[in-house]
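Let's take a walk through a protein together, starting with the whole and then moving to its parts. Have the picture open beside you as you read.

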Amino acid sequence: MAYEFLKALYGTPKEGEQPRSMTYAELEAAIDAADDLKLINLSDGGYVTQADFDAKALELDGIQQQLTTANETIKSYKDMDIDGIKQSATNWETKYNTETQALQDKLAAQSRAHAEEMLVSSYRYPNKAARVGVLAAVRAKKLPLENGELMGGKAYMEELQKDADYSGAFVVDTPPVEPPANLPYFSKSTGDSSSEPPKKKPSLLEMMKFKNEHPDARIFDD
């Protein structure tokens, strides 16, 4: 029932008692005395509690605020330069991609330069100019770089060592040439009779032939 809430004004009759009856004046007084009950006469003649009315009013105020905010937002969108915003977003995206790529290129170049220096530094050179020349050749080769190491680096350095243009660019350790066992040499007489007899002095022709065959060898005089 729509007026069920009015039963509280009549109270609950005790067993055997008749329900309380009230005149209009008594009913009006009971409504005014009830702290938790407020009635408002609406234009349609219906009755609602003050709490319900306040809740509905608050709801309507919220909806009105939402509508106001929506209208202001829509107006701000209308006032925006949409094309300008799109262009700005495109510019920022381009700037980000360009700077990111530049950073990646810089890091890659540093990694390659370090690998090239490490490869060249593992060999010896007669002077600074030779080292600079070999480093320039390695950089010009642009060997593949994987995990910080130049692929095929050692093989390319071996090619440079065999290249006539770089024949003097490397310090190559070569073992000394050992003269053959029958190398002719001069011996001095020590005056010791127990020493072996002096060997035969080689002829000039023999010495010249040996020197041509062994240009790095020396003929010692004992």
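Two residues are said to be in contact when heavy atoms of theirs lie within 4.5 Å. With that in mind, take the contacts in this protein whose partners have a separation of 6 or more: 47% of them join residues 24 or more positions apart. Keep in mind as you look that this is a predicted model.

Now for the overall plan. The protein has seven helices and four strands, and along the sequence they follow the pattern α-α-β-β-α-α-α-β-β-α-α. Of its 222 residues, 14% count as buried. The protein exposes about 18,200 Å², and carbon and sulfur atoms supply 55% of that area.

Next, look inside. The largest nonpolar core has 16 residues, and those with the most contacts inside it are Tyr125, Val134, Val138, Met157, Leu160 and Phe170. Helix 4 (82–121), helix 5 and helix 6 (153–162) are the elements that give two or more residues to this core. Helix 5 gives the most, with five residues.

Which residues of helix 5 are buried? They are Ala130, Val134, Leu135, Ala137 and Val138. Because they cover an arc of only 160 degrees around the axis, they sit on the same side of helix 5. The buried residues of helix 5 pack against helix 4, strand 4 and helix 6. On the face turned away from this buried side, you will find the exposed residues Lys128, Ala129 and Ala140.

Both ends of helix 5 have something to show. Asn127 caps the N-terminal end, where a side-chain oxygen lies 3.3 Å from the backbone nitrogen of Ala129. Just after helix 5 comes Lys142, with a positive phi of about 50 degrees.

Helix 6 can be read in a similar way. Its buried residues are Gly153, Tyr156, Met157 and Leu160. They cover an arc of only 100 degrees around the axis, which puts them on the same side of helix 6. These buried residues pack against helix 4, helix 5 and strand 4, while the face turned away carries the exposed residues Lys154 and Lys162.

Most residues other than glycine have a negative phi. Lys142 has a positive one although it is not a glycine, and it is found in the loop between helix 5 (128–141) and strand 3 (145–146). Is Lys142 buried or exposed? Residues over 50% relative accessibility count as exposed, and Lys142 reaches 64%, so it is exposed. Asn147 also has a positive phi, near 55 degrees, and lies in the loop between strand 3 and strand 4 (149–150). At 86% relative accessibility, Asn147 counts as exposed too.

Technical notes: Residues are numbered from 1 along each chain as its sequence is written. This is a predicted model: local features need pLDDT of at least 70, side-chain atom pairs count only at pLDDT 80 or more; totals for chains, interfaces and linings use all residues. Side-chain values use heavy atoms; hydrogens and water are left out. Buried means under 20% relative accessible area, exposed over 50%, partly exposed in between (1.4 Å probe, protein chains only). A nonpolar core is a set of buried Ala, Val, Leu, Ile, Met, Phe, Trp, Tyr and Cys residues joined through side-chain atoms within 4.5 Å. The arc is that of the directions from the helix axis to the C-beta atoms. A polar contact is a pair of N or O atoms within 3.5 Å; within protein, one must be able to donate a hydrogen and the other to accept it, and residues adjacent in sequence count only if both atoms are side-chain atoms. Accessible areas come from the Shrake-Rupley method with a 1.4 Å probe; for residues, only the protein chains shown count as cover.
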